[in-house]
Amino acid sequence: MSVPIPQPPTIPFIGNVTSVEKEVPLRSFRLLAKTYGEIFQLNMLGQTVLFVSLHKLVNEISDDSRFHKRAAGALREVRNLVGDALFTAEDDEPNWGIAHRLLMPAFGTLAVKDMMEEMRDISNQLLQKWERFGPNAIIDPSDDFTRVALDTIAYCSMSHRLNSFYSEPQPEFAVAMADFLKECSERFTRPRLLQAMMYGKTAKYQADIKKMKDLADEIVATRKAHPIPKHDLLDIMLNSRDPKTGQSMTEQSIAENMRLLTFLIVGHETSSGMMSFMVYFLIKNPQTMRKLRAQIDEVLGSRPVQYEDFANLPYLIAVMRETLRLAPTAPIRQTAALEDTTIGGGKYAIKKGTPILIVKWELHRDPAVWGDNAEEFIPERMLDGKFEALPPNAWQPFGFGRRACIGRAFAWQEVCLVIASVIQRFDLAFVDPSYNLQIKQTLTVKPNDLLIQATLRAGAV
Ligand code: HEM
């Protein structure tokens with residue numbers, strides 16, 4: 001016999017919209033999860049949305065045979081830019097399958113290993129900037145890591161230089177993208193009538209979409225006009241056929257995957273956020289910083305990091321895993337039941353298609369998995385086989401199953417390279433020594449108002 005799913009009190013017509021703060025909805029979801037427990041529901045303008053946050057239930061619904069991804073809410077708004085590209089496609093849309101099969105191998109570990117020198121080219125631009133600006137410069141790490149991540153994905157996958165380090169402030173299209181993502185997160189919580197009257201916001205939203213479309217179209221047009229002998233991601237999209245169906249990607253699907261800049265959106269926000277959180281946790285935990293620095297110095301000395309070094313930097317990997325545990329930059333995952341069903345041993349009835357949001361910031365702090373010190377940053381919990389021994393689906397920063405991240409190896413290599421190089425060369429400090437983590441949220445999350453200074457270490461070359 002199922003029991004009712006807890007829900008905060010509702011207001012006529014708008015339901016629970018006021019239970020969710022606009023700036024950082026994640027904060028409300030976490031608070032509600034603490035108040036109502038492992039599952040709760042909200043009525044968002046007439047649509048029931050379920051929230052699940054503890055491991056036991058998340059593990060149960062991490063099952064591709066019973067549940068599948070749903071592109072509802074803010075993701076539906078992102079489709080205004082990218083249609084049924086990877087990431088925003090519904091599971092059964094044929095373009096997803098074709099693009100997935102064609103592009104998965106392009107992001108495999110071996111393919112990504114070959115991108116190491118291109119990644120270094122971009123990462124060096126960050127190192128040079130911090131070195132040349134000197135120890136008194138005030139650095140917004142989220143800004144500079146966004147430049148690294150944007151330029152890296154564009155250069156490695158499309159052989160296109162965005163040259164973000166030569167633009168101050170951020171390049172126009174990067175600002176358009178950030179504003180677009182923010183607006184997507186807000187639009188789906190606005191009543192339709194209100195939305196229809198927000199002419200200014202809508203005009204800006206359309207203008208931002210156009211800027212991104214224009215840039216992506218320009219990259220494709222340039223490649224078509226000037227082909228290069230390189231089998232990169234763009235070449236695969238333009239010239240390869242799906243091994244299963246024999247079909248090529250349609251012009252529209254290429255345009256959407258490019259134009260929407262799927263890769264630039266999913267491929268930069270998450271990794272740049274991850275690097276920013278890493279810097280925060282490392283400065284906040286000087287002992288961890290010292291331990292990481294000692295390992296990097298021992299393995300690398302003063303020479304540049306190579307791909308082969310990553311296997312000898314287990315503490316760096318542990319810091320990365322622990323960062324993504326406490327601060328999964330893609331904070332929510334959406335799924336839905338394929339049929340009417342129950343979860344929790346028959347306790348909760350779930351209707352087919354009802355959006356279920358998995359709140360990873362709570363999942364990753366479930367004391368049943370992580371213990372009483374779940375709130376603390378302790379990379380040691382990811383070392384010496386402990387990570388491998390975690391219960392299934394306790395750590396999901398890269399999503400789950402067939403719709404999990406295909407850029408994981410890419411992101412891992414990029415972050416290893418950038419952070420190892422930064423820690424090798426610079427002493428880092430908060431501008432405000434009393435800074436405590438605050439977050440900002442669009443589709444992803446990043447530290448808010450985090451400012452640092454970077455001093456070149458004696459002897460660094
Ligand atoms: C999907 C996280 C970096 C490409 C996802 C998903 C997550 C995720 C959680 C699943 C989203 C969902 O369930 O709705 C991350 C994190 C990253 C990262 C934490 C870095 C730290 C990247 C990079 C790329 C990339 C660098 C591209 C090179 C993709 C794509 C998908 C995806 C294409 C959609 C897959 C599909 O639906 O078929 N990512 N990602 N990601 N990611 Fe990543």
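In this predicted model, a polar side-chain atom of Arg-403 sits 2.8 Å from an oxygen atom of the ligand. Helix 14 supplies the largest share, with 3 residues.

Oxygen atoms of the ligand also meet other parts of the protein. For Trp-96, a polar side-chain atom is found 2.6 Å from a ligand oxygen.

Taken as a whole, the surroundings of the ligand comprise 26 residues, and the closest are Lys-69, Trp-96, Thr-270, Arg-403 and Cys-405. By residue class, the shell contains 16 nonpolar, 6 polar and 4 charged residues.

The iron atom of the ligand receives a single donor from the protein, the SG atom of Cys-405, at 2.3 Å. This cysteine, Cys-405, is placed in the loop between helix 18 (367-370) and helix 19.

Turning to another element, helix 8 covers residues 172-187, 16 residues in total, and spans 22 Å from its first C-alpha to its last, close to the 22 Å expected at 1.5 Å a residue. Buried positions in helix 8 include Phe-173, Ala-174, Ala-176, Met-177, Phe-180 and Leu-181. Towards the end of the helix, Glu-183, Cys-184, Ser-185, Glu-186 and Arg-187 are buried as well.

Notes: Residues numbered from 1 in each chain as written. Predicted model: local features only at pLDDT ≥ 70, side-chain atom pairs only at ≥ 80, totals over all residues. Heavy atoms only, no water. Near = heavy atom within 4 Å. Polar contact = N/O pair within 3.5 Å; in protein donor to acceptor, adjacent residues only side chain to side chain. Helix = DSSP H or I, 4+ residues; strand = E, 2+ residues; numbered from the N terminus. Nonpolar A, V, L, I, M, F, W, Y, C, P; charged D, E, K, R; others polar. Donors = N, O, S within 2.8 Å, 3.2 Å for Na, K, Ca; no water. Expected span 1.5 Å × (residues − 1). Buried < 20%, exposed > 50% of the residue type's maximum accessible area, 1.4 Å probe, protein only.
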